[in-house]
Amino acid sequence: MEEFTKISIDLALSTKIKNYDRLVSEGESKMKTCVFYDGGSCIKFRSNSKILAVWKNDTKITPHALFCYLCPFYAFRDDGDRISLTMYDLYLFYMELRARIEREAVKLEERLNDVTFASSVFIRKRYNELLDILNDAEDKIDIIKAILSITKGM
Ligand code: SF4
């Protein structure tokens, strides 16, 4: 059943998401090294979570690797927190992150336009970092939208 669900998800999403195989492969690597992955399921999320999953029962949930690619809870150390999450919560998380980064980037842009700071290597470096985070958040928002479109708002 788990394999069947995975194949169905892959079939539905691989035509909608660019570089799908690479993202799934990155998600698999992330899953394998995450402290919350117990070898079969993710213990971070309560089983009532509505995330992109290949299997779940009353107590456990196994995320699809694409979800691990998107997951902001990846960690090396267990904080002890267990949460319920939906794909819509994740969408809001990245929307808020994007808004916050955009605000910070605009402020830095203003400073870079000011001759006093224009040559600051530190500000330029931070500005470029913010653009990378912004691009990453935008890509993830698009992926979540594609997931929501096939799961009808999990
Ligand atoms: S879903 Fe998130 S917390 Fe769970 S194993 Fe994947 S990366 Fe780790």
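## The loop between α1 and α2

In this predicted model, Asn-19 lies in the loop that links α1 and α2. Asn-19 is not a glycine, yet its phi is positive, at about 55°. Most residues other than glycine have a negative phi. Asn-19 counts as exposed because it has 10 C-beta neighbours inside 10 Å, and the limit for an exposed residue is 12 or fewer.

## The β1–β2 hairpin

Strands β1 (53–56) and β2 (residues 61–63) run antiparallel and are joined by 3 bridges. Together β1 and β2 form a hairpin, with 4 residues between the two strands. One of the pairings involves Ala-53, whose bridge partner in β2 is Pro-63.

## Domains and their contact

The protein chain is divided into domain 1, covering 2–70, and domain 2, covering 87–151. The C-alpha centres of domain 1 and domain 2 are 25 Å apart. Each domain supplies residues to the contact: 8 residues come from domain 1 and 8 residues from domain 2. On the side of domain 1 that touches domain 2, 6 residues are nonpolar and 2 are charged, with no polar residues.

## The largest nonpolar core

The largest nonpolar core holds 30 residues, of which Ile-51, Leu-52, Leu-66, Phe-67, Cys-68, Leu-70 and Ile-144 touch the most other members. Two or more residues are given to this core by each of α1 (2–14), α2 (20–33), β1 (53–56), α3 (65–70), α4 (87–113) and α5 (121–151). The largest share, 6 residues, comes from α3. Because domain 1 (2–70) and domain 2 (87–151) both give residues to this core, the core lies between them.

Ile-144, one of the residues that touch the most other core members, is in contact with Leu-70, Met-87, Leu-90, Tyr-91 and Tyr-94, when residues up to four places away in sequence are not counted.

## Helix α4

Within α4, Met-87, Leu-90, Tyr-94 and Ile-101 are buried. An α-helix has 3.6 residues a turn, so residues three or four places apart point the same way. The elements that cover the buried residues of α4 include α3 and α5. Three of these buried residues, Met-87, Leu-90 and Tyr-94, are also among the residues that Ile-144 touches.

Conventions. Residues numbered from 1 in each chain as written. Predicted model: local features only at pLDDT ≥ 70, side-chain atom pairs only at ≥ 80, totals over all residues. Core = buried A, V, L, I, M, F, W, Y, C linked by C-beta atoms within 7 Å. Buried ≥ 20, exposed ≤ 12 C-beta atoms within 10 Å, placed from the backbone. Domains from an automatic or database assignment. Contact = placed C-beta atoms within 7 Å. Pairing = 2+ DSSP bridges. Nonpolar A, V, L, I, M, F, W, Y, C, P; charged D, E, K, R; others polar.
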